[in-house]
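The entries below follow the order in which I went through them.

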Amino acid sequence: ARVQSSYGGAPVFCSNGQVGGMVWRYEDPFQGIIGTNHFMPSFLGFGGLPTSVFVIPINRAMIIANKLVANGAMVYGWLGVEVVVKGNNMVVQDVALNSPAKLGGLKAGDIMLALGDQKIAGPHHLKHMVMENAPGTQITVSIRRNGHLETCLVTLGTLPPQPVQMASQPVPDFAPKDAEIYQQINQLQQEMGRLLQILNR
């Protein structure tokens with residue numbers, strides 16, 4: 001969705017009138033280009049540039065809110081793997097050093113099948129399942145390694161606030177749709193920069 005930045009934290013309603021989620025916005029990618037130029041928004045025809053947002057499902061938002069109220073902080077589980085989709089397989093591309101995945105025996109090249117008793121549908125699904133489990137949770141990871149089915153028992157850690165060092169340097173593997181979006185943003189940023197140069201002359 002494209003909404004004004006002030007919509008952050010606003011509820012998103014379903015057609016039946018119930019709250020289905022909450023708007024969460026991230027830093028506007030054009031803010032660094034526009035800066036404090038107050039003429040640009042009026043030149044474009046509106047009072048504030050819209051920004052891309054995510055919508056947090058209301059059940060997840062309530063879980064987070066309750067934990068914040070009870071504990072004063074929100075912590076997430078962490079596995080420590082980089083995965084890519086190759087064909088119908090989700091393959092471990094890299095493993096973070098000293099991570100739960102590394103300590104549990106996961107290796108680059110392993111094909112991930114399930115976390116606990118739940119089949120892994122994709123990279124985002126894996127991330128959500130891991131984050132929804134508390135640090136310290138022991139969970140079985142089902143994998144296929146060299147054509148053989150195996151399991152690794154891992155104890156989830158706490159999601160670190162900063163990126164961690166991986167065993168090797170992974171090569172970014174953006175989905176075509178993601179790559180197209182990033183390209184469009186770059187093109188828009190370049191065009192906005194050219195417009196600002198013209199306006200400042």
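I worked from a predicted model. I began with aspartate 110 and arginine 145, whose side chains form a salt bridge with an N to O distance of 2.7 Å. I then placed the two partners: aspartate 110 is in the loop between helix H4 (100–104) and strand S8 (111–115), and arginine 145 is in strand S10, so this pair ties together parts 35 residues apart in sequence.

For arginine 145 I noted a relative accessibility of 14%, which counts as buried because the cut-off is under 20%.

Glutamate 150 is partly exposed, at 32% relative accessible area. I therefore recorded Asp110, Arg145 and Glu150 as linked in a network of salt bridges.

I then turned to arginine 60, whose side chain meets that of glutamate 132 in a salt bridge of 3.0 Å, N to O. This pair links distant parts of the chain, 72 residues apart: arginine 60 belongs to helix H3 (residues 58–71), while glutamate 132 sits in the loop between helix H5 (123–131) and strand S10 (138–145). Arginine 60 has a relative accessibility of 28% and counts as partly exposed.

Finally, I asked how many salt bridges the whole structure holds. The search returned three.

How values were computed
Residues are numbered from 1 along each chain as its sequence is written. This is a predicted model: local features need pLDDT of at least 70, side-chain atom pairs count only at pLDDT 80 or more; totals for chains, interfaces and linings use all residues. Side-chain values use heavy atoms; hydrogens and water are left out. A salt bridge is a side-chain nitrogen of Lys or Arg within 4 Å of a carboxyl oxygen of Asp or Glu. Helices (H or I, at least four residues) and strands (E, at least two) are DSSP runs, numbered from the N terminus. Buried means under 20% relative accessible area, exposed over 50%, partly exposed in between (1.4 Å probe, protein chains only).
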